[in-house]
Amino acid sequence: NGGTQGREYIALGDSYSAGFGLEPFSEEPAAGCFQALANYPHRIADSLGLTLDDRTCSGAVTADIRDVEQVTGAGASAPVQSASLSATTEIVTLSIGGNDLQFSDIAASCIAASSLGPLVADQTTPNCRSKYVVSGGGVEVDTLKDRIDSLVAPALASTFALITEKAPNAEIVVVGYPAIPPDPTNTPVGGCFSPALTSAGYPENSFPFTDVDTAYLHETEVRLDAAIQTAAE
């Protein structure tokens with residue numbers, strides 16, 4: 001710990017940094033951020049002897065990092081995350097971008113009745129790929145890819161530039177998202193589908209997506225991670 005002891009570490013980001021789902025939660029930086037006491041920023045700080053200011057908050061978008069106070073699920077107001085940065089900041093970690101893409105809303109819209117479809121919310125639509133990939137004139141237009149390119153990527157770039165400006169002396173580590181839907185190599189032969197609702201209620205760890213959408217959502221997440229990497233570089 002000799003090289004890191006006491007160094008000023010600021011953690012920024014959304015639920016993947018906050019540790020949503022990993023109880024117990026603190027009330028920091030505001031009620032409804034679902035910031036876990038054992039999230040990775042806390043574990044890194046404890047392991048390396050860093051002085052942590054953890055601003056992570058579930059549901060955060062890039063604007064909440066840059067210049068907007070985030071209204072949490074509990075109705076509280078979380079401070080602008082980048083306001084914690086300064087010339088004395090030595091280490092920054094960050095995960096952001098998934099909520100700009102609205103990935104959780106997309107996933108919710110993709111819940112299917114079976115591995116072959118249709119979608120629960122729209123019985124006329126066989127899968128989510130057919131909902132977001134529009135064909136016309138012999139050309140396919142992926143609206144989620146367009147959203148990443150036109151909205152998310154510029155937001156990431158401006159956010160990372162602001163962090164660099166506010167913390168010019170910091171080592172900045174940008175963390176991408178793990179594979180939520182698996183890639184083809186790690187997809188079981190019989191697929192991943194399990195229903196979101198059964199006669200016994202709502203099972204834990206269900207995977208209610210068609211075989212088509214398992215691949216499509218993975219491709220979308222890979223594009224998002226690539227955009228994050230490009231903006232970080």
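Cys 110 is buried, and Cys 128 is buried as well. In this predicted model, these two residues form a disulfide, with their sulfur atoms 2.0 Å apart. The torsion about the S-S bond of Cys 110 and Cys 128 is about -80 degrees, so this disulfide is left-handed. The pair links distant parts of the chain, 18 residues apart: Cys 110 and Cys 128 are both placed in the loop between helix 5 (103-109) and helix 6 (129-132).

The structure holds 2 disulfides. The other bond joins Cys 33 to Cys 57, with an S to S distance of 2.0 Å. Here the torsion about the S-S bond is about -85 degrees, and the disulfide is therefore left-handed. Cys 33 lies in the loop between helix 1 (15-18) and helix 2 (40-48), whereas Cys 57 lies in the loop between strand 2 (51-54) and helix 3 (62-66), so the pair ties together parts that are 24 residues apart in sequence. Cys 33 has a relative accessible area of 0% and is therefore buried. Cys 57 has a relative accessibility of 1%, so Cys 57 also counts as buried, the cut-off for this class being under 20%.

When the bonded cysteines are counted along the chain, the disulfides follow the pattern 1-2, 3-4. Cys 192 is in no disulfide, and the nearest cysteine sulfur, that of Cys 110, is 14 Å away. A disulfide requires a pair of cysteine sulfur atoms within 2.5 Å. The relative accessibility of Cys 192 is 21%, so this residue counts as partly exposed.

Methods:
Residues numbered from 1 in each chain as written. Predicted model: local features only at pLDDT ≥ 70, side-chain atom pairs only at ≥ 80, totals over all residues. Heavy atoms only, no water. Helix = DSSP H or I, 4+ residues; strand = E, 2+ residues; numbered from the N terminus. Buried < 20%, exposed > 50% of the residue type's maximum accessible area, 1.4 Å probe, protein only.
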